Amino acid sequence: MVCIPSTVPNTPRFIVAYVIPEGQHFLAKVSNFSQSDAIICNIRDKLNEDQLETFSRSCFGIYLRIRSLTFFGQLVHQLLLRQVESSNHSFGTTFNFKLAGNQATFSFEDFALVIGLVCTRISSISSLVDTSTHRLRDAYFKGNNSIKRSELESTFLGLKPQPDNEDDVVKLALVYFVEFVLLGNERSRNISDVAYL
């Protein structure tokens, strides 16, 4: 255990301990399959002006204004190695770190500020939309419940604009964004949840 002085005057000291003890710290290669720059570029190229406006009004619209995103896996790894548990239970939903001998916290609110999304309690998809029907899945993926991410991408990019599918293109763009940017994974894997469609 390590006693870390608070950087705020007149606040009590508290006892903290590394989640992973210092002697057990390890090197790692952190992989990131998110392809944010390419995916955002594909979405910009695929959607017409009205569709881009609709996408930009979604919770992910802020990402259309970002020109480049970089993930620093080693920085995240090193930060997590310095995560501490604290005897002070007033932190709430925060990550606590010991950095250069000082206490640092990263809260849920900090996370929301960094990613630019509105963050709230997690609700099930079925509480937000009707998941009993699968119109997009049935229309574009032949009712298949196992849809590869590569199939989602080829369907979205290959979709020919028609007056009756304007909204569908935006909806597929949103699922494409979630799968390839937020939940970045290998193309050969299935999409995370068919209910997203």
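Helices here are DSSP runs of H or I with at least four residues, strands are runs of E with at least two, and both are numbered from the N terminus. This is a predicted model, in which local features need pLDDT of at least 70, side-chain atom pairs count only at pLDDT 80 or more, and totals for chains, interfaces and linings use all residues. Residues are numbered from 1 along each chain as its sequence is written, and side-chain values use heavy atoms, with hydrogens and water left out.

Which residues of α1 are buried? In this helix, which spans residues 36-46, they are Ser36, Ile39, Ile40 and Ile43. Viewed down the axis of α1, these buried residues fall within an arc of 95 degrees, so they line one face of the helix; the arc is that of the directions from the helix axis to the C-beta atoms.

Ser36 counts as buried because its relative accessibility is 9%; buried means under 20% relative accessible area, exposed over 50%, and partly exposed in between, with a 1.4 Å probe and protein chains only. Leaving aside neighbours within four places in sequence, Ser36 is in contact with Leu69 and Val181, where contact means heavy atoms within 4.5 Å.

## Aromatic pairs

The structure holds 5 aromatic pairs. Rings of Phe, Tyr and Trp (its six-membered ring) pair if their centres lie within 6.5 Å; planes under 30 degrees apart count as stacked, over 60 as edge-to-face and the rest as tilted. One of the pairs is Tyr63 with Phe177, tilted, at 5.2 Å centre to centre and with 50 degrees between the planes. Tyr63 sits in the loop between α2 and α3 (73-81) and Phe177 in helix α8, so the pair ties together parts that are 114 residues apart in sequence. Both Tyr63 and Phe177 are buried.

Phe156 and Tyr176 make another tilted pair, with 4.9 Å from centre to centre and 35 degrees between the planes. This pair links distant parts of the chain, Phe156 in helix α7 and Tyr176 in helix α8, 20 residues apart. Phe156 and Tyr176 are both buried.

As for charge, Arg149 lies over the face of Phe180, at 4.1 Å from the ring centre. The criterion is that NZ of Lys or CZ of Arg is within 6 Å of the ring centre and within 35 degrees of the ring normal.

Leu99 stands opposite Asn102 in β5. In this hairpin, with 2 residues between the strands, Ala100 takes a positive phi near 55 degrees. Ala100 is exposed, at a relative accessible area of 82%.

Where else does a positive phi turn up? Lys142, although not a glycine, has a positive phi of about 55 degrees. Lys142 lies in the loop between α6 (135-141) and α7, and is exposed, with a relative accessible area of 81%.

Key
Pairing = 2+ DSSP bridges.
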